[in-house]
Amino acid sequence: MDIAEYLASNSAGEGSLVCKYQPIVSSVHRSAIFGHECLTRFLDDQGREFSVGQLFESDADHDLKRQWHSNVLKHCFRDASKQIGAGRLFVNVNPQFFYEDGLQWSEILGLAANSGVSPSQFVWEIVETDRGDDDRDLVRFAKGCRAMGSQVALDDWGSQVRSLDLLEKIRPDFVKLEKELVTSCFQNEFRSTMVSGILQLCRDLNIKTVAEGVETAGDWSWVRRNRADFGQGYFLGRPQATSAASIHATSVVKAPHFETSASNTTGAEVSRFQSN
């Protein structure tokens, strides 16, 4: 049974959803967790875990995808009310699903507001690859989020030719640089120069940056030296169903690799990292 068939036979999906949280870490305060991205997974009837992204990349019916999208958000809200502390909660969303057939984004915002998590804690991530030919719904979405006191991020930014166009239209609070831009910048001078220029552009526009794809000590050292505001990636923490006690803005990332090198990091890079 493929993903589309499984989803069609389990359209409610409530029992098969599980939320995991990946920390987003301050590059300035070194070990302070700024927030977490809520990553929803679903389990098939054999207990195999799939990302929600695989759902939207499948051949499942459009209406079914929209139903699952709503279920995923509701599950995230319900789980977050028990799990999240005072930090930000980053949530991926596709606004196009909420401006069709009378289903308004305000309904989802209402559910979020009643979740027990403050609206100011939500950062709604627009996935750049989900944009259509007309960005008006995305602009409406961003305005609606800010009207309730929440913030907006562009996820996987830099993956599309029209990235700068979307940056101007949405004027987000955060830009999450896609993994492929960030990974191994410390080993690639050309890429390092390019991405450091993007970081400077965002600083000039007063947009906070989250560097995704922080996989090694070298990546984290580069991110800190080049003044990205936050980092996210396996080096800083893997997604996990963490208890409420550890998902909190004042939590500390307890990982020995903050002071040690990764196997593919050069000696000079390690020295710079440990001296920062």
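Trainee: Where does Leu205 lie?

Mentor: Leu205 lies in the loop between α8 and β8. Helices (H or I, at least four residues) and strands (E, at least two) are DSSP runs, numbered from the N terminus. The chain has 10 helices and 9 strands.

Trainee: What should I know about the model and the numbering before going on?

Mentor: This is a predicted model, where local features need pLDDT of at least 70, side-chain atom pairs count only at pLDDT 80 or more, and totals for chains, interfaces and linings use all residues. Residues are numbered from 1 along each chain as its sequence is written, and side-chain values use heavy atoms, with hydrogens and water left out.

Trainee: Is Ile207 buried or exposed?

Mentor: Ile207 is buried, because its relative accessible area is 6%, under the 20% cut-off. Ile207 is found in the loop between α8 (189-204) and β8 (208-211).

Trainee: Which residues does Ile207 touch?

Mentor: A contact means heavy atoms within 4.5 Å. Not counting residues up to four places away in sequence, Ile207 touches Leu167, Pro172, Asp173, Phe174, Val175, Cys202 and Asp229. Take Asp173: Ile207 and Asp173 are 34 residues apart in sequence, but 5.3 Å apart in space, C-alpha to C-alpha.

Trainee: And across the chain, how much is buried?

Mentor: Buried residues make up 51% of the 276 residues. As for contacts between residues at least 6 apart in sequence, 67% join residues at least 24 apart.

Trainee: Which residues touch the most other members of the largest nonpolar core?

Mentor: A nonpolar core is a set of buried Ala, Val, Leu, Ile, Met, Phe, Trp, Tyr and Cys residues joined through side-chain atoms within 4.5 Å. The largest one has 49 residues, and Leu89, Phe122, Trp124, Ile170, Leu177 and Val223 touch the most other members. The contacts of Phe122 include Phe77, Leu89 and Val91.

Trainee: Where is confidence lowest, and where is it highest?

Mentor: pLDDT is the predictor's confidence in each residue, from 0 to 100. Confidence is lowest in helix α10 (residues 267-275), at a mean of 31, and highest in β8, at 97. The chain averages 75, and 71% of the residues score at least 70. Over residues 243-276, pLDDT stays under 50.

Note on methods
Buried means under 20% relative accessible area, exposed over 50%, partly exposed in between (1.4 Å probe, protein chains only).
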